[in-house]
Amino acid sequence: MEFFRIKKDVPFMRHALIFNIISALTFVAAVFFLLTRGLHLSIEFTGGTVMEVAYSQAADLEKIRGEVGKLGYRDVQVQSFGTSRDVMIRLPIQSGADGKQVTSAQQSDAVMTALKADAPDVQLRRVEFVGPQIGHELFTDGLLALTFVVVGIIIYLSFRFEWKFAVAGVIANLHDVVIILGFFAFFQWEFSLAVLAGVLAVLGYSVNESVVIFDRIRETFRKMRKATVQEVIDHAITTTMSRTIITHASTEMMVLSMFFFGGQTLHYFALALTVGILFGIYSSVFVAAALAMWFGVKREDLIKHGGKDDEPGVDRNDPNFGARV
């Protein structure tokens, strides 16, 4: 479906070198902040205390965060689960005045005292301690999941297209992931399991955009046999602009809704998706497609001999040629 069509091809690849330099500088900056500042990991990775409390009526999460925050906890997480009356509170590991680690029992007692001062009917349902070892395992498993996704993308693109596109697509996807992580490292936004899920979602979202453009490049090579590689890529990207704008605008509306109205629980998840979607559009055009051009992709790489476009009597310059193949 197209709401509009751009009749004249936009010369994207004419400025590919400039945008690739910008991408490289942004990538290097993201890596620098990751190495120097690191990620601000949530208690799911660093360990802490998990409490489940129940109220007799709908809980005011912002008020609960304020009460717990008064106890000196910097990264407390408060969210509803199950019903609006059930609340989960995650507390980071904290040291006392003597330098010793505060136990889960001491943390839960202090929190319950603060909550009961405002709501005497609040009940403690469960207390658990998540050790740093478990958090380390979660972080390691998350990195393994990311690695498997990247390997799967390489294999998929290699079978679907050609190795030059596969390498270009993977570099573009890693570009998106590293820049998202760079944002979280620079601003010290909390990196949680939800954010990790958002990063993995961005990987799939970005590779889908790259596949759409790669598919259109392959079709354009069939239709425009005498065109240069740069002209083919420019035409392919231009013809996907309508689809790109409609798809990404619709997705971004949903993500921004979570960002503004989803509360603290979805805040950083939606933020990761927002950054990823914006850079995913950019990388599919100015990183993936441009790298494929620099790698020297050509018509022979994508069109198999002996196919319909090589049949005797087929005019490849026929405007209806693409519809038949």
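**Figure 1. Overview of the predicted model and its contacts.** Residues 24 or more positions apart account for 75% of the contacts in the protein with a separation of 6 or more, where contact means heavy atoms within 4.5 Å. The protein has 12 helices and six strands, taken as DSSP runs numbered from the N terminus, with at least four residues (H or I) for a helix and at least two (E) for a strand. Of its 325 residues, 45% count as buried; buried means under 20% relative accessible area, exposed means over 50%, and partly exposed lies in between, with a 1.4 Å probe and protein chains only. This is a predicted model, in which local features need pLDDT of at least 70 and side-chain atom pairs count only at pLDDT 80 or more, while totals for chains, interfaces and linings use all residues. Residues are numbered from 1 along each chain as its sequence is written, and side-chain values use heavy atoms, with hydrogens and water left out.

**Figure 2. Helix 7 and helix 9 in contact.** The axes of helix 7 (residues 193-223) and helix 9 (residues 241-261) come within 12 Å and cross at roughly 170 degrees, the axes being lines fitted to C-alpha atoms over the stretch in contact and the angles running from 0 to 180 degrees between N-to-C directions. Helix 7 is therefore roughly antiparallel to helix 9, a term for angles over 145 degrees. On the side of helix 7, Tyr205, Asn208, Glu209 and Val212 take part, and they meet Arg243, Thr244, Thr247, His248 and Thr251 in helix 9. The residues of this contact divide into two nonpolar, five polar and two charged, where Ala, Val, Leu, Ile, Met, Phe, Trp, Tyr, Cys and Pro count as nonpolar, Asp, Glu, Lys and Arg as charged, and the others, Gly among them, as polar.

**Figure 3. Aromatic pairs, with phenylalanine 19 and tyrosine 282 as one of them.** Rings of Phe, Tyr and Trp (its six-membered ring) pair if their centres lie within 6.5 Å, and planes over 60 degrees apart count as edge-to-face; by this rule the count comes to 17 aromatic pairs. Phenylalanine 19 and tyrosine 282 form an edge-to-face pair, at 6.2 Å centre to centre and with 70 degrees between the planes. Because phenylalanine 19 lies in helix 1 (residues 16-36) and tyrosine 282 in helix 10 (residues 263-294), the pair ties together parts that are 263 residues apart in sequence. Phenylalanine 19 counts as partly exposed at 25% relative accessibility, whereas tyrosine 282 is buried, with a relative accessible area of 19%.

**Figure 4. Glutamine 188 in its loop.** Glutamine 188 lies in the loop between helix 6 (163-187) and strand 6 (190-191), and its phi is near 55 degrees, a positive value in a residue other than glycine.

Conventions: Parallel < 35°, antiparallel > 145°, perpendicular 65-115°, else oblique. Phe/Tyr/Trp six-rings, centres within 6.5 Å; stacked < 30°, edge-to-face > 60°.
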